[in-house]
Amino acid sequence: FGSSVAHSSVRLARISLKFQPFATIPSFPLPFFIDLSMDKESGGNGLRSRGDLKKEGRLPVAAEADLEKEKRSKGDGEESSIADEWGSIAILLLLYTLQGLPMGISSSVTMLLKEKGVSYSEIGTFSLSSWPFSLKILWAPLVDTVYFARVGRRKTWMIPAQMLIGVVLLCMSASVDTLLEGGHPQVETLTALFLSLYLLCATQDIAVDGWALTMLRPENVGWAATCNAVGQTLGTALGFTGYMVLEQWKLVTLSSFLSMWGMIFLIVTVLVAIFKEEKPIPEEEEPDGVATTYRIMMDCFRLPSIKILVVILCTWKAAFPLADSIAPLKLQESGVPKEHLAYISSLLMPLSMVLPIFAAKWTSGKAPLELAMWVYPVRLLLGAALAGLVFYTPTVLASNSQLFYLVLFVLSAALVGAMQLMFVAQMAFFARISDPAYGGTYMTMLNTLNNLGGMWTAPLSFYLVDALTCRDELCLVKRDGFHAVAVLSFVVGAVWYAIGRPVVGRMQNWPLENWRVK
């Protein structure tokens, strides 16, 4: 259930370190704060403050302007207030909710495809539609730097993206029944349609994340992460659980559900375009050119420390797709109603929102990834336990359904908790090593690497389940590929932990200069 509950988590850390360095949790967090204001001599975590960077001549012009603003805001002796910013917070919450909706609908379609007998390989193909969120760094510099001044830096991209999302949803509503019901579901066409939705949502995400930093005053910008977390959680729940419940009660069909939300997207976008003005950009805060931003990213990738981090991030999730993505579908195949899975997913959302608050105290030191390394074997064992429950589902569900759902809920809650703790630790590490001089670009690059590390494993696991399944009469030994992949995943995870933990331990002790762009 991690994939549906934490569907949006990986997007939250995109909020820039420009005003207030913090990391956030995906699938539904509240911000936890990392103090970047002290250097090693003052007993801090070793990161340099923007004041230090200014003295050293490393602080970009825009960041210098931010520093002056902070000085002025702190010098007036007045406490920060959000009394006059609730309207902006409500707009951000609405925009992030709309962003999460297509992701929830995608999860619903995945279960509908499995209900109609689609193979795991085809579901693996459909899962490729979410890749734009892992690749958005490729066009993020364009969204950040190319705009029409009369429209607004962020509205230039956000308005067309949301309008197109509404149009795509309306077009899908006219054809989705045919694509799902006409004989065998047309998985390739559905993948292309949802790929376009994710591409537009990723572009909207870049624009809204940037707008949040100027829509709110610097002292209140931390609310943007809360809007991101709560909004994407709510949007995912509306698209997944909301649809499942309404469809079970015969109040909507997938076609009417898509049509309704397509119209809502268009209406909200028009209203925001007309009534919400975007602040003009001061001359000293004009963004760097596209070429400069790409050059900074390439300089980051040349760092030896980043190259090792790439290997870690691209391999450490290889053991988890079975529990996060495939197990819910296997439970559905074994007789668990998809509506019940949706209910469990929704009940686990508050855990994802609250847990980061308690985890912050374990990740605020110089070795935040220690928490992830402690949790890693626990998550591995929980995945094996869930695979065992899947094996006994038909028997236990028929004989004692209450016991089955209790065990399923406890295992799912533990898995979501382990996933969130690992994510908190990871984001704290990113915040610690990010170069404050290039905070936004650097942090986006790290999150892209993290997203890519989790994206390739799910399709591969889906394909392996089908490849290792053999049930016809020609099989010498009939087997279910799910259980073969479960054993393989556990072995891969155990090997990675034996090799990777020492590397991660050494990596956390490297001086921060190893992560700085010279």
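These are my notebook entries on a predicted model of one protein chain.

**Ground rules**

I'm working from a predicted model, where local features need pLDDT of at least 70, side-chain atom pairs count only at pLDDT 80 or more, and totals for chains, interfaces and linings use all residues. Residues are numbered from 1 along each chain as its sequence is written, and side-chain values use heavy atoms, with hydrogens and water left out.

**Entry 1: the whole chain**

I started with the secondary structure and got 21 helices and two strands. Helices here are DSSP runs of H or I with at least four residues, strands are runs of E with at least two, and both are numbered from the N terminus. The chain has 518 residues, and 56% of them count as buried. My cut-offs: buried is under 20% relative accessible area, exposed is over 50%, and partly exposed is in between, with a 1.4 Å probe and protein chains only.

Next I looked up the accessible surface, which comes to about 21100 Å², with 67% of it belonging to carbon and sulfur atoms. The areas come from the Shrake-Rupley method with a 1.4 Å probe, and for residues only the protein chains shown count as cover. I also checked contacts, meaning heavy atoms within 4.5 Å. Of those with a separation of 6 or more, 81% are between residues 24 or more positions apart.

The mean pLDDT is 82, and 83% of the residues score at least 70. pLDDT is the predictor's confidence in each residue, from 0 to 100. Where is confidence lowest, and where highest? Strand β2 (residues 32-33) is lowest at a mean of 28, while helix α11 (residues 254-275) is highest at 97. Over residues 1-79 the score stays under 50, though the model has 222 contacts beyond four places in sequence for them.

**Entry 2: around helix α10**

I picked phenylalanine 240, in helix α10 (residues 223-248). Phenylalanine 240 is buried, because its relative accessible area is 4%. Its C-alpha atom is 5.2 Å from that of serine 108, 132 residues apart along the chain.

Then I moved to lysine 250, in the loop between α10 and α11. Lysine 250 isn't a glycine, yet it has a positive phi of about 60°. At 70% relative accessibility, I put lysine 250 down as exposed.

**Entry 3: aromatic rings**

I searched the whole structure for aromatic pairs and found 14. Rings of Phe, Tyr and Trp (its six-membered ring) pair if their centres lie within 6.5 Å; planes under 30 degrees apart are stacked, over 60 edge-to-face, and the rest tilted.

How far apart are the ring centres of tryptophan 86 and tryptophan 223? They are 5.4 Å apart, and the planes are at 75°, so I logged the pair as edge-to-face. This pair links distant parts of the chain, with tryptophan 86 in helix α4 (residues 86-115) and tryptophan 223 in helix α10, 137 residues apart. Both are partly exposed: tryptophan 86 at 44% and tryptophan 223 at 33%.

Phenylalanine 404 and tyrosine 405 have ring centres 5.3 Å apart and planes at 75°, so they are edge-to-face too. Phenylalanine 404 is buried at 0%, whereas tyrosine 405 is partly exposed at 23%.

I also noted a cluster in which ring pairs link Trp316, Phe320, Tyr376, Trp496 and Tyr497. The charged end of arginine 379 sits over the ring of phenylalanine 320, 3.9 Å from its centre. For a charge over a ring, NZ of Lys or CZ of Arg must be within 6 Å of the ring centre and within 35 degrees of the ring normal. Arginine 501 lies over the face of tryptophan 374, 5.4 Å from the ring centre.

**Entry 4: two polar contacts**

A polar contact is a pair of N or O atoms within 3.5 Å; within protein, one must be able to donate a hydrogen and the other to accept it, and residues adjacent in sequence count only if both atoms are side-chain atoms.

Serine 305 is in helix α13 (residues 304-315) and is buried at 5%. Which backbone oxygen does the side chain of serine 305 reach? That of asparagine 514, at 2.7 Å. Beyond four places in sequence, serine 305 touches Trp510, Asn514 and Trp515.

Arginine 516 lies in the segment after α21 (481-508) and is buried at 7%. A polar atom of the arginine 516 side chain is 2.8 Å from the backbone oxygen of isoleucine 433.
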